[in-house]
Every structure is written in structure tokens, then in C-alpha cells.
Amino acid sequence: MLPAPTSLPDPYEERDERFAACQGDTRLEVLFEGARFAEGPVYVPAGRYLLFSDIPNDRLLRWDECSGAVSVFRSPAGHPNGNTLDRQGRLVTCEHSGRRVSRTEHDGRVTVLAERFGGKRLNSPNDVVVKSDGTVWFSDPSYGIASDFEGVRGESEIGARNLYRVDPADGRVELAAANLEIPNGLAFSADERRLFVVDNGPNQIRAFDVAEDGALSGGETFATCTNGVFDGFRLDRDGRLWAAAGDGVHCLDPDGTLLGRIRVPELVSNVVFGGPRRNRLFICGATALYSIHLAVNGLEPMID
Ligand code: MG
């Protein structure tokens, strides 16, 4: 018999009547407690499990959808932060102390996708997404080298906090955007013609236009955070953004309006849609993993 997860009632706060159509189960489930700072959830559909990072404890954790058990997937793990799957279903991980983006191959080997730009070491890759053409896009703020808590204290060799893309076919790391102060979470729209990026400088989500060749333009403000700071986020199939913030998960309409929030009893770092129907939102709070079944479906995964 599996233990029933703890659940918290009354999780929705409506700010706009359009939020009513998004609400599903009336309980926020607490799936795991005991992280020092949880981040980077990624749902692995073939294995029916979810991996997430516990950055200061230098480990990747694995929550099993079938048993509800949580175990250590990898430790040490380079003080991991953001995770995603590539088009072949391989795990891609941002590593703070590794100062790199790595890929876990199907045979279990860990290979390096990116660790330098212009010959200089990256700062501390934070969050990552994979475009349908296989290119890997990641943010590189300096949180992971600012102290020995979320990584290893160190100097920025590049001297800037940028957004990059790497083409695994040739290993070339290119600058995607240099006009962000502190890039963090990122995600493409369904048609990949827009890229949304959190900038923790002005504490906003910005929206870039993506050209055929991957060049970014625009970058106008999409939304400003109203509580705490934005961090990771994901899109649902109707184009809404579900964004980590200081008081839970903020649901933003495609027009940028804050529709409502999911109340979480601590700050939230990142989210991902999962479950067989992608209608279960997994939420990394600072110390715990939560989930809630919504009336919307997530965009991911984009696995061939
Ligand atoms: Mg982040």
C-alpha cells in the first residue's frame, strides 16, 4: 500500500475570471520534503519518473511516479540546476560547479555539451531548453559562482551573464543574447517563433522573436513579477506561462495578464508538466517537491 501524499487544500487564487478554466484538482500534493534547494524538474515519460536537482546537496533526485518513492539518482552531480530532455529523450543538465551543460547518454555516460565560450569558462549554467532542431539553449547567470552554497565560489571569466545556444552537431557555443542582466528560466512558444526568457535584473519575463536561423530580436517585456522573483517556467498548450515566483506559481495569459496563482507555502524555483497526459504540474519549492493536476496540458515533451 502506497502512503498517500500530504495535500494542501485551497491552492488557487484567481486574479482574472479566465483562470477558472485552468483549475483542476483542489489539492496541492506534497511529494517530497527534505531538499536544501530544489530546482530543475524534468519528467521522463518512458520511465514514469521525475528528476530534479537539489543544488546545495549536490545531487539529482528521482521521484518514481509508480511507487511515490524518492531516491538519489546521481551524487555528486556538479551542483545541478536546470534539467530537460533533448529530442532523443536524453537528459540535459546545467551544472553549477561543473560550469557546464552536460548530456547523459543512453548508455549512461555523461558527456559535455558546453563549457566554454570564446575560450573562457562559463559562469554557472542555470536553465536549459532544447529546440526542435536539436540546438540547446541555456542561461548563464552567476548564482553558482557567487558563493560556496549553490556551487563553488569563483570568478566570472567571461565577465558577463549571457544567453547561449550550442549545436551538439558541431559543439559550437554561440551567443544568443547579451542584452539581459541576469538571464534565468527560458522556454519557446509552441511554434518556436518566440523565446521567453526571465531576466532577474528587472525581474521580468521578456519575449524575443526567433528568426529561421535562430537569431533573436525584440525582447520586449512580457510580464513583471509581482511577488518575489521569477525563475523557471513552462508553457501549456494554449500558450499560457506557468512561472515560478515568490508566493507560488503565477499563471500568465498569452497576453501577459496575471490570471492567478497556485499557492505554495514557500518560494518556488521551477515547474514542469508531466504525467501521461501532461496535465500534472510538478513544482519545485525551495525545500520540497509538489504537484497538482490542472485542467490544462503542458507543451512538453518534444521527443521524436
Ligand atoms: Mg533557474
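Reader: What share of the contacts in the chain with a separation of 6 or more comes from residues 24 or more positions apart?
Author: This is a predicted model, in which local features need pLDDT of at least 70 and side-chain atom pairs count only at pLDDT 80 or more, while totals for chains, interfaces and linings use all residues. Residues are numbered from 1 along each chain as its sequence is written, and side-chain values use heavy atoms, with hydrogens and water left out. Taking a contact as heavy atoms within 4.5 Å, the share from residues 24 or more positions apart is 46%.

Reader: How many helices and strands does the chain have, and what is its radius of gyration?
Author: Helices (H or I, at least four residues) and strands (E, at least two) are DSSP runs numbered from the N terminus, and the chain comes to zero helices and 28 strands.

Reader: Which residues are the protein donors of the magnesium ion?
Author: Donors are N, O and S atoms within 2.8 Å of the metal (3.2 Å for Na, K and Ca), and since water is not among the atoms, sites may look incomplete. In sequence the donor residues follow the spacing N-x57-N-x46-D. Lying 2.2 Å from the ion, they are N126 (OD1), N184 (OD1) and D231 (OD).

Reader: Are N184 and D231 buried or exposed?
Author: N184 belongs to strand β18 (residues 183–188), whereas D231, 47 residues apart from it, sits in the loop between β21 (216–224) and β22 (233–235). Buried means under 20% relative accessible area, exposed over 50% and partly exposed in between, with a 1.4 Å probe and protein chains only. Because N184 has 2% relative accessibility and D231 a relative accessible area of 12%, both count as buried.

Reader: Which members of the largest nonpolar core touch the most other members?
Author: A nonpolar core is a set of buried Ala, Val, Leu, Ile, Met, Phe, Trp, Tyr and Cys residues joined through side-chain atoms within 4.5 Å. Of the 22 residues in the largest one, those touching the most others are W242, V249, I262, L281, I283, I292 and L294.

Reader: Which residue of β7 stands opposite L61?
Author: Strands pair if DSSP finds at least two bridges between them, and four bridges join β6 (residues 59–64) to the antiparallel β7 (residues 70–74). In their hairpin, with five residues between the strands, G68 takes a positive phi near 80 degrees. Opposite L61 stands V72.
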